[in-house]
Protein chains: 2
Amino acid sequence: MAREPGDRREIILQTAAALFARKGVSATTVRQIADEVGILSGSLYHHFDSKEAMVDEILSSYFQDIRERYAKVLEQETDARARLHALVLASLEVVEAHPHATEIYQNDVNYLLGFERFSYLRSAGRYVQETWLKVIEAGVAEGVFRKDLDTKIVYRLMRDAVWLTVRWFKPSKGYSTAKLAEEITTLFLDGLTAR
Amino acid sequence: MAREPGDRREIILQTAAALFARKGVSATTVRQIADEVGILSGSLYHHFDSKEAMVDEILSSYFQDIRERYAKVLEQETDARARLHALVLASLEVVEAHPHATEIYQNDVNYLLGFERFSYLRSAGRYVQETWLKVIEAGVAEGVFRKDLDTKIVYRLMRDAVWLTVRWFKPSKGYSTAKLAEEITTLFLDGLTAR
DNA sequence: GTCTATATGCAGATAGAC
DNA sequence: GTCTATCTGCATATAGAC
């Protein structure tokens, strides 16, 4: 199997992402990344300008994917309950596709926002929030969702519950991402109380 | 107002906690801590053995407080719904009392678990999980909570939603910690769907 | 594309004067 | 209890040979 050009670069990026996710960006050294790839640290700079450039590439493509998937959800679904479920599922699929990026963002946003180059993370976060709020507020307006809860608080609770699944959920044959999406949706929509 | 002995130490610890919470433990330097306190970095070592010793003290007292509050909840409440609500409220009160420690733990557990001295964080996390699971499973056994959801998943979703409030919730006159506890409890128990 | 070699700076930490 | 002064090591990053 022939290796594409850019393959090597991709391996470095994957290795770096795994380390950033596990120990944090700040605590991960370029030497550790190089060691794991099997080259010397100086050689990394043939592929990337800096450690931050690696993080940047990881997170940029991450948010690009989120935008695309969220846009599709808004296109395809109209029913409030179905839309919220689709948003949960799309997010879990993003987590599955980019577990390292998700973890890096969740753990290190505060740190990264200290760098000028990562200020776009603010607008990326805002976009996600606006998408969820649109769906939740439409549901409330239609009378499908409760009016007595603060929509922004509902969003934040769902957001943290959904994205933090990255820390403990690994899809398996017995328990798929789709099944987890079902469980999360019914918990938040129908509640834990037996009827 | 006379300053107690140990006051200075406490100020250093608070300053360090705020920095650790904002930028992460690894990215915070002892010099930054010292600067903010208004002394030189070397002087910190009169009060603490190392940077990690500061983190240790912050997190130890944090989990001690959690244990005490959780024990009280189990003592005082017996009804499943009331117990779950009390657990939510107790956790939010811990967040309010130790916002920095909460954030440090949430953001940096993975990194800290890389140090031998922080391995106790594993058992601390286990204790919290067991307490919640006890309450949730009792509710299911009593028929008050649904039987068709995975209790461990329900726990993890609630856990992340509750503890991550530290990132966005600041109690105010118009919106207290108690009110947020109500909102979280009714969302998880009764669901978002209008009836 | 990787290596050798190295610049440069800053990290955590210590010893002893004040 | 803080400062001065400093050790030691490791961090990111670069230049140029191979």
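These are my notebook entries on a predicted model with chains A and B and DNA strand C.

I looked up which residues lie around DNA strand C. There are 14 of them. Those that come nearest are A:Gly42, A:His46, B:Thr29, B:Gly42 and B:Ser50.

I then sorted the residues of this surface by kind. I noted 7 polar, 4 nonpolar and 3 charged residues.

Next I asked which helices supply them. In chain A, α3 (41–44) gives at least two residues. In chain B, α2 (30–37) and α3 (41–47) each give at least two as well. The largest share comes from α3(B), with 3 residues.

**Entry: how the two chains are related**

I looked up the superposition of chain A on chain B. A rotation of 180° does it, with 0.0 Å of shift along the axis. The RMSD is 0.0 Å. The two copies are therefore related as by a two-fold rotation axis. I also checked which C-alpha of chain A is nearest that axis. It belongs to A:Gly191, 1.9 Å from the axis.

I turned to the interface. Of the interface residues of chain A, 100% are also interface residues in chain B, so the copies meet through the same surface.

**Entry: B:Glu75**

I picked out B:Glu75 and found it in helix α4 of chain B, which covers residues 51–76. Is B:Glu75 buried or exposed? I counted 8 other C-beta atoms within 10 Å. The cut-off for exposed is 12 or fewer, so B:Glu75 is exposed.

Last, I compared B:Glu75 with B:Val94. They are 19 residues apart in sequence. In space, their C-alpha atoms are 18 Å apart.

Terms used. Residues are numbered from 1 along each chain as its sequence is written. Chains are lettered from A and ligands numbered from 1 in the order in which they are written. This is a predicted model: local features need pLDDT of at least 70, side-chain atom pairs count only at pLDDT 80 or more; totals for chains, interfaces and linings use all residues. A residue is near a molecule or strand if its C-beta atom, placed from the backbone, lies within 6 Å of it. Helices (H or I, at least four residues) and strands (E, at least two) are DSSP runs, numbered from the N terminus. Ala, Val, Leu, Ile, Met, Phe, Trp, Tyr, Cys and Pro count as nonpolar, Asp, Glu, Lys and Arg as charged, and the others, Gly among them, as polar. Copies are superposed by least squares on the C-alpha atoms of residues with pLDDT of at least 70 in both. Two residues are in contact if their C-beta atoms, placed from the backbone, lie within 7 Å. A residue is buried if 20 or more other C-beta atoms lie within 10 Å of its own, exposed if 12 or fewer, and partly exposed in between; C-beta atoms are placed from the backbone.
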